[in-house]
Amino acid sequence: MRAEVQAWAEAVLGAAITDVVELSGGITSTMLALSDASGQQAVLRLMTKEPWRTHGLELTRRERAALQELATTPVPAPRSIGLDAEGAVAGVAMHLMSRLPGVPTTGAGEGAGAVAVMADMLATIHDVRPAEPFRTFQSWAREEKWVMPGWAAHPDSWQRAFEVLAEEPPAYRPTFLHRDFSHRNLLWSAGQISGVVDWVETSTGPAWLDAGHAATNLAMEFGPEPAKAFLADFAALTTEPLQDFWLVMDAVGFLARPGQEPLFRSPAQLQRLDAWVHHLLAQNRL
């Protein structure tokens with residue numbers, strides 16, 4: 001950690017930093033776990049990775065606003081401690097937060113009941129009523145991505161997905177969204193979720209888009225069964241009727257822009273994404 005960044009963090013924390021460990025799994029940012037002389041544990045986000053670096057000011061400001069809204073709710077989110085959204089110290093946006101207990105999901109998940117716990121947490125998030133609504137969600141399935149992937153084993157399903165997204169989106173009740181809710185952004189302790197992290201994309205939008213994102217991530221990592229179980233558990237908790245349009249939008253959002261590599265690109269992940277899109281379109285509800 002650069003000296004000026006450490007000095008800034010120490011000034012915010014009010015104590016000397018005694019240990020710095022880079023956390024694994026940061027897709028958008030460099031994430032550093034900090035310990036200080038008072039025993040306090042914190043996490044420092046440095047928005048170092050493009051394209052998120054370019055938008056670091058708005059992303060970190062949005063994350064701080066979300067954490068402030070969540071501070072008085074049952075959602076176990078970090079506490080915002082300090083913010084340099086302009087990148088005045090490091091040249092990139094920085095957000096200092098409290099470190100939550102727990103460990104990330106490993107292996108095939110946290111047991112058979114994990115998806116039910118996830119669904120319950122997402123419903124709890126959707127119950128949050130912020131003082132001011134966050135920005136309207138952005139689709140990650142932009143039209144430029146509607147290109148048949150070379151690895152598609154079910155091209156007819158992909159073509160139908162593109163046709164669905166070209167239609168008018170269904171009406172929805174504006175809901176407080178995490179917008180990147182998935183097993184990748186959860187911490188676990190004793191079979192329960194002890195932390196929900198990464199709030200830079202917090203938005204207002206359809207509840208089933210948040211659920212669809214969690215399901216797509218589960219399907220790509222573990223196969224369709226946990227994803228289907230999660231959606232069933234969430235359907236039992238929400239008052240919002242199932243809207244497959246949003247599930248398809250999320251799945252297509254995992255395609256790469258032309259000339260770029262997808263964010264998750266292993267052959268196994270792409271095969272499971274293909275199978276998930278085929279499953280969604282095979283329901284004949286669209």
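Which residue, with a positive phi, follows helix 5? Helix 5 is followed by Gly-223, whose phi is near 105°. The model is predicted, so that local features need pLDDT of at least 70 and side-chain atom pairs count only at pLDDT 80 or more, while totals for chains, interfaces and linings use all residues. Residues are numbered from 1 along each chain as its sequence is written, and side-chain values use heavy atoms, with hydrogens and water left out.

Helices (H or I, at least four residues) and strands (E, at least two) are DSSP runs, numbered from the N terminus. Helix 5 covers residues 207-222 and reaches 23 Å from its first C-alpha to its last, close to the 22 Å expected at 1.5 Å a residue; the expected span is 1.5 Å times one less than the number of residues. Of its 16 residues, 14 are buried, where buried means under 20% relative accessible area, exposed over 50%, and partly exposed in between (1.4 Å probe, protein chains only).

A nonpolar core is a set of buried Ala, Val, Leu, Ile, Met, Phe, Trp, Tyr and Cys residues joined through side-chain atoms within 4.5 Å. The largest one has 62 residues, of which Met-118, Phe-181, Val-196, Trp-199, Phe-230 and Val-252 touch the most other members. Helix 5 gives the most to this core, with 9 residues. Leaving aside residues up to four places away in sequence, Phe-230 touches residues including Val-115, Met-118, Phe-181, Ala-211 and Leu-218; contact means heavy atoms within 4.5 Å. A second, separate core of 15 residues includes Trp-8, Leu-13, Ala-90 and Val-92.

An open sheet of 3 strands has the order 6-8-9 with antiparallel pairing; two strands pair if DSSP finds at least two bridges between them. Strand 6 (103-104) and strand 9 (192-196) stand at the edges, each with a single partner strand, so one side of each lacks a neighbour in the sheet. Strand 8 (residues 186-189) and strand 9 are joined in the antiparallel sense over 4 bridges, and Trp-188 stands opposite Ile-193 in strand 9. Helix 3 (residues 114-126) packs on this sheet, touching strand 8 and strand 9, and its direction makes about 45° with that of strand 9; axes are lines fitted to C-alpha atoms, for helices over the stretch in contact, and angles run from 0 to 180 degrees between N-to-C directions.

Strand 2 (residues 30-36) has 7 of its 7 residues buried. In a regular strand the side chains alternate between the two faces of the sheet. Thr-30, Leu-32, Leu-34 and Asp-36 point one way from strand 2, and Met-31, Ala-33 and Ser-35 the other way. Strand 2 pairs in the antiparallel sense with strand 1 (residues 17-22) over 5 bridges and with strand 3 (residues 41-46) over 6 bridges. Val-21 stands opposite Ala-33, and Leu-32 opposite Leu-44. The hairpin of strand 2 and strand 3 has 4 residues between the strands, and Gly-39 there takes a positive phi near 95°.

Helix 4 (residues 155-166) and helix 8 (residues 267-282) pack at an angle of about 65°, with their axes 9 Å apart. Their contact includes Trp-158 and Val-164 of helix 4 and Leu-273 and His-278 of helix 8.
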